[in-house]
Amino acid sequence: MSRYTEKKWSLHWAVIVWAIILTHGIVCAYKAPNVPTKEKLQTIETPHFRVIYQASLEEAAPIIAEYSEEAYSVLTTIFEWIPEGKIDVLFVDAYDTHNGWATPLPHNTISIFAAGSEQGSSIYQPGNYLRRTIYHELTHVLTMDSRYGYNKALSSIFGKVVPFGDPVSFATFLFTSSPVLLSPRWLLEGEAIWAETAFVPPGRGLSSFVDMIFRCTFRDLNLLPYSKWYLEIPHWPYGLGAYLYGMRLVQYVYETSDEENPVGNMNKSVAHSFLFNSSRAAKEATGKYFRDLAREMLEREKKIQLKNLYTLEFVSTTSIPRLTPKGISVSHSIFAGNKVYFLANEEERRNTLYTYDPDIKKLKKIPQAIATSPSGSLTASKDGRLILYTRLNVQNYENIWYEIRRYNPDTGKDTLVTNRGRYRAIDLSPDETRLAAVSQRGGTAYLLELCLDQDYTVASEKVLAKAPLQYDFSSPRYSPNGKSITFVEANDDGFLLKLYDRKANTVRILLESKDQIISPTWHPSGQKLIFGSDLNGVYNLYEIRARDGKLPTPLTHVTGGLFFPSFSRDGKFICATGYDGQGPYLTLIPYNPNQFFGKDLPTIKPTWKGGKRPTWLKKEKEGSKKVVQETREEMVEPKKYNSFTNSRFDYWSPWLTASTDGVQGGVGASFSDPTGFQELKLLVGWESEYDTKLGAVHYYYRGLIPQLHLYAVADQEVFPDLLVESNQTTAFDHAEEIQRYGIAAEFPYLKLERQITLEAGYEYRTRDFIKEVEEKRRGVILSVEPTIKNEGLVWGRVNYFDGDYFGRSSSIEDGRLISVGGEVSRPALGGELSRSRYVANWNEYLSVLRLKNHVVKASAAFGYGTGDRTAQGLFGLGGLGSLIQEDSPGIPRTLSLRGYESNFQTGDRILKAALAYRFPLIDFSKGREGVFPFYSRQLFAEVFYEGGRTWDDAGRGDDRGWINSYGVEVNYAMKILRYLAFSPGVGIVYVSDRPEDDEDDNKVQAYVTIKGWVNF
């Protein structure tokens, strides 16, 4: 047999990088916009900002604008960078706990979530949390946007590029980006936390929570080395490590430098450096490399914490046993009957409800009660027959809001109580007829009382109190007789413990404190309240009398921390969340009100020195007040936001991919609007082997449900040995140009435990022979002829996923991924073909018991087609896709099979089965000493079998039958540039059914691949 051209099993960089970018999120294709779509949007413009916000946030939006201009006046002076154009600020109410993000790509954008922060988190502090977050996120924008020299010149030509998925546009991204953007994440977060602490204190630089983490890790010899200051570390303190250690290093530079503006100068030096040379740039600014600064900072931290521990241990401490193993992070524990229930999560597992039996000292996980720890609350009936808890979940496709769930210990059933109301903190009344709750809506906190039906569903709600703007409520608790409700208010001056009298409908203050008041709870007698607080710089438990709220009396003295106390029914024991160097754990201690009665606990406090020029900082703060006043006077009336008129050009870039089969390259461009409602992607190019034109136009509108996708694609497809001479002795490859035009709609159903998307669309296809291929077989009489008929079709598909994502190996740990779809072509839809295709794909992921990170995957795919027959068949088996094909909607035509080229078999029906076993070899979990933004996760291996076939009534698939491949692949899971998580690998595959007619068609082959996590 001879062929016109052979196809080798090669590395297609386009597919590789494209898969990296597209597979970093949820499996289903749905992409949420930056701003919710179901509410009208408005905008306010200031000299340097455009604030886009939901209509429900109209009262707070002008304040956001004022804070933004204030921060701009301060931070642009420090970092000596003035960005081009206005910065977009997205003020949203889509997330029921506080957070924010910022990016300079492709335009400078900040997003602020309106809700307040959670108790027991590193950002739960007194003061104005919105203002603090604006300083933090604006620092990110100014530092990551600062460009000088080559990157400024190139970005003025291309814009700030986001890669299309190929090496050339990726290189363009690198050279148009600020070196600060490419620097380690700990540096970026350290600078931002420095800014929030210096200008909107206390900030995390003065946080007792942060000080507790460093104190515990030092005490337990668990300080993170320099190589582990990454968001991706899979153990305590998880992503906080990058934030807190980076903060300490920047603080160290600030407090020890002789310069007047050391942080700004260090950032400017990094911005002037070349690509990943941030450590050398730091040496130019500070005289020391990052590794030297880190070593010195850690040594200073050890001395500080040694002194703190010596101060604390001068008084005998409370014994707090650790009842849960390391690797389980605990929060929100309560007594329910004779057991303790708590929210917790294992490393890189789903958060769930747990129970601990103090009598038999047994810990049990309740996997059916999926939770979001530590974001959530927990309450129960006194006898423990009913457990209610809150968790964050996806609501209306795009909002992450709280819902209430009920767990029945007797039946083991977990059911939804309500997904309305956004109740973030709840407490069950003694008579079990009501719930006290806190809800944050439109940036405002409310104290509510909910009436329950007999099945414990919410029948109605009553507003008991409304917090002033930017203040927060938390921890509602019924008194034992049900006549009162205590709750905590956080404001600019500190914290207030308040008591609501249900009969009189009045609120009075029990306690005012500059220090935190966390999760107050009643003693069963109803005479006392206990709560967690950092009154002495350490989170201990304190007690006050409920009648008069006199000064708190300490109940414990620890060197770590205690949170979320709860009394046993007899009042003799307290369960709580304790902290040590391994993180939060469950503890149980006797209630002893006399142990520290009348004593003052030793006091330590976090320190934040003013640096070499505190008067300069004070001057900047004073100047910012004038800016706020001017902004208020100049601010214009809000306008309605229109995503069509606000769409703009993002960037353009050349792109290029290569393999042993040739080169594909061209130019791409992007357009979008800040909300993410509008997106337009363009690719035009050329392919070298067959001299064909390539192109793709993708337009997305995400401002409604369903999301819409319009596209036009010009590509090629190759079929090896498709064309057979009439004498059946010689076969030729066939290549054709394909043009596809279509519209697709996507309906998502997203929840914490599962994700479902329904996709549907219409497509029109045209085909044409590639002239070069036609000339090669001119004059040959063929027994098999390809078609060039056009085709009009409708298609639909349902995707379902309910698995866990495991970060160490960029793979799925358990669960299933299912896809079912079909398409119908008819002349009435356009074109000349009348046929149908249906495809089903099932992937099952099974964790191996008692073997951590060992996963077995079993999968099967089946496709069935009927109608007009073509030589190309309705399905193809083998090969990889292309940059153009990977982002094209519709029902897949080709199923890959390792070791065989694309369309190795074709037919009207297709079947594929696979079995794979993945297991870890080496767990690295560390970075490149914090200099290059590269994080090593895990080296893991995969042993696999894949087999399949295509067939029809009279096709070639029947001649070849079932084809098999067996092999082993070793992958190196990593993350680079903070964004790109992928797993390059090498493999050996034995393809037992590949013909040996050509010397290059070896049955044993080596190959190179890079996978996204969904590919396993």
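The questions and answers below walk through parts of a predicted model.

Student: In what order do the four strands of the open sheet that includes β14 stand?
Tutor: This sheet is open and has four strands. Their pairing is antiparallel. The twist averages 25° from one strand to the next. The order is β14-β15-β16-β17.

Student: Which strands stand at the edges of that sheet?
Tutor: An edge strand here has a single partner strand, so one side of it is left without a neighbour in the sheet. That holds for residues 423-428 and for residues 458-466. The edge strands are β14 and β17.

Student: How many bridges join β15 to β16?
Tutor: Strand β15 covers residues 434-441 and runs antiparallel to β16. The number of bridges is eight.

Student: Which residue in the turn between β15 and β16 has a positive phi?
Tutor: The two strands form a hairpin. Two residues lie between them.

Student: In β17, what is the bridge partner of Glu-449?
Tutor: Strand β16 spans residues 444-452 and runs antiparallel to β17. Seven bridges join them. Leu-447 has Ala-465 as its bridge partner in β17. For Glu-449, the partner is Lys-462.

Student: Which residue in the turn between β16 and β17 has a positive phi?
Tutor: Here too the strands form a hairpin. Five residues lie between them. The phi in question is about 70°, and the residue is Tyr-456.

Student: How many residues of β16 are buried?
Tutor: Buried means under 20% relative accessible area. Strand β16 has nine residues and is mostly covered. The number buried is seven.

Student: Which residue makes a polar contact of 2.8 Å with the side chain of His-107?
Tutor: His-107 is found in the loop between β4 and β5. Leaving aside neighbours within four places in sequence, His-107 is in contact with Lys-160, Arg-648, Phe-649 and Asp-650. The polar contact joins its side chain to that of Asp-650.

Student: How far apart in space are His-107 and Glu-84, C-alpha to C-alpha?
Tutor: In sequence, they are 23 residues apart. In space, the C-alpha to C-alpha distance is 9.6 Å.

Student: How far apart are the end C-alpha atoms of helix α11?
Tutor: The helix has 23 residues, 290-312. At 1.5 Å a residue, α11 should span 33 Å. The end-to-end distance agrees with that: 32 Å.

Student: Which helices do the buried residues of α11 pack against?
Tutor: Buried residues in α11 include Phe-290, Leu-293, Met-297, Glu-301 and Leu-312. Residues three or four places apart in an α-helix point the same way, because there are 3.6 residues a turn. The buried residues of α11 pack against α6, α7, α8, α9 and α10.

Student: How many bridges join β39 to β40?
Tutor: Strand β39 covers residues 811-825, and eleven of its 15 residues are buried. β37 pairs with β39 in the antiparallel sense over nine bridges. β38 also pairs with β39 in the antiparallel sense, over three bridges. Between β39 and β40, again antiparallel, the number is eleven.

Student: In β39, what is the bridge partner of Tyr-800?
Tutor: Tyr-805 stands opposite Ile-812 in β39. Ser-825 stands opposite Arg-835 in β40. For Tyr-800, the partner in β39 is Ile-818.

Student: How many residues apart in the chain are Phe-209 and Phe-563?
Tutor: The structure holds 40 aromatic pairs. Phe-209 and Phe-563 form one of them, edge-to-face, at 6.2 Å centre to centre and 70° between the planes. Phe-209 is in helix α7 and Phe-563 in strand β26, so the pair links distant parts of the chain: 354 residues apart.

Student: Are Trp-229 and Tyr-245 buried or exposed?
Tutor: The two form a tilted aromatic pair, 5.5 Å centre to centre. Trp-229 lies in the loop between α7 and α8 and Tyr-245 in α8, so the pair ties together parts 16 residues apart in sequence. The cut-off for buried is under 20% relative accessible area. Trp-229 is at 1% and Tyr-245 at 2%, so both are buried.

Key:
Residues numbered from 1 in each chain as written. Predicted model: local features only at pLDDT ≥ 70, side-chain atom pairs only at ≥ 80, totals over all residues. Heavy atoms only, no water. Pairing = 2+ DSSP bridges. Axes fitted to C-alpha atoms, helices over the stretch in contact; angles between N-to-C directions. Contact = heavy atoms within 4.5 Å. Polar contact = N/O pair within 3.5 Å; in protein donor to acceptor, adjacent residues only side chain to side chain. Expected span 1.5 Å × (residues − 1). Buried < 20%, exposed > 50% of the residue type's maximum accessible area, 1.4 Å probe, protein only. Phe/Tyr/Trp six-rings, centres within 6.5 Å; stacked < 30°, edge-to-face > 60°.
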